[in-house]
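Colleague: Could you show me the model we talked about and take me through how it is put together?

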Amino acid sequence: MAETILALKANYGIENDGKTLNVIMNRYDLASLSNMSTSNAIRTLSSFATEGLIEISGRKIRILSEEYLAKISRLG
């Protein structure tokens, strides 16, 4: 999921605030891109939000710690 979030940033960019992905995706699509079940994707996103890596507002994702997401992406 971390890799998917970073790939979305690379492909679609970010909004003027410098942190919010410039794409709106539902949980099902995020799960599909991440090759995860929808319930697993929701748990992972919630975990990332609890850890302060991202903020979720509806279908928008705001990246708070890109460095740590990159580390998770590399190490799993």
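The questions and answers below go from the overall fold to single residues.

Modeller: Before you start, this is a predicted model, where local features need pLDDT of at least 70, side-chain atom pairs count only at pLDDT 80 or more, and totals for chains, interfaces and linings use all residues. Residues are numbered from 1 along each chain as its sequence is written, and side-chain values use heavy atoms, with hydrogens and water left out.

Colleague: Thanks! Which pattern does the protein follow along the sequence?

Modeller: Helices (H or I, at least four residues) and strands (E, at least two) are DSSP runs, numbered from the N terminus. There are 4 helices and 2 strands in the protein. Read along the sequence, they give the pattern α-α-α-β-β-α.

Colleague: What radius of gyration does the protein have?

Modeller: The radius is taken over C-alpha atoms, and the globule rule is 2.2 Å times the number of residues to the power 0.38. Along the principal axes, the C-alpha atoms fill a box of roughly 30 × 25 × 20 Å. For 76 residues a compact globule would come out near 11 Å, which agrees with the protein's radius of gyration of 11 Å.

Colleague: Good to know. How are α1 and α4 oriented to each other?

Modeller: Axes are lines fitted to C-alpha atoms, for helices over the stretch in contact, and angles run from 0 to 180 degrees between N-to-C directions. Helix α1 (residues 2-12) packs with helix α4 (residues 66-75) at about 125 degrees, their axes being 8 Å apart. Angles under 35 degrees count as roughly parallel, over 145 as roughly antiparallel, 65 to 115 as roughly perpendicular and the rest as oblique. The two helices, α1 and α4, are therefore oblique.

Colleague: Which residues of α4 does α1 meet?

Modeller: Contact here means heavy atoms within 4.5 Å. From α1, the residues involved are A2, E3, I5, L6 and K9, and they meet E66, L69, A70, I72 and S73 in α4.

Colleague: And which residues of α1 are buried?

Modeller: Buried means under 20% relative accessible area, exposed over 50%, and partly exposed in between (1.4 Å probe, protein chains only). The buried residues of α1 pack against α2, α3 (38-50), β1 (54-57), β2 (60-63) and α4. Those residues are A2, T4, I5, L6 and L8.

Colleague: Let's turn to a loop. Is S65 buried or exposed?

Modeller: S65 sits in the loop between β2 and α4. Leaving aside neighbours within four places in sequence, S65 is in contact with G52 and L53. With a relative accessible area of 15%, S65 is buried.

Colleague: How far apart in space are R27 and A41, C-alpha to C-alpha?

Modeller: R27 lies in helix α2 and is partly exposed, with a relative accessible area of 27%. Not counting residues up to four places away in sequence, R27 touches T38, I42, L45, I56, G58 and R59. R27 and A41 are 14 residues apart in sequence, and in space their C-alpha atoms are apart by 7.0 Å.

Colleague: One more, please: how far apart in space are D29 and A41, C-alpha to C-alpha?

Modeller: D29 also belongs to helix α2 (residues 27-33), and a relative accessible area of 32% makes D29 partly exposed. D29 and A41 are 12 residues apart in sequence, and C-alpha to C-alpha the distance in space is 9.7 Å.
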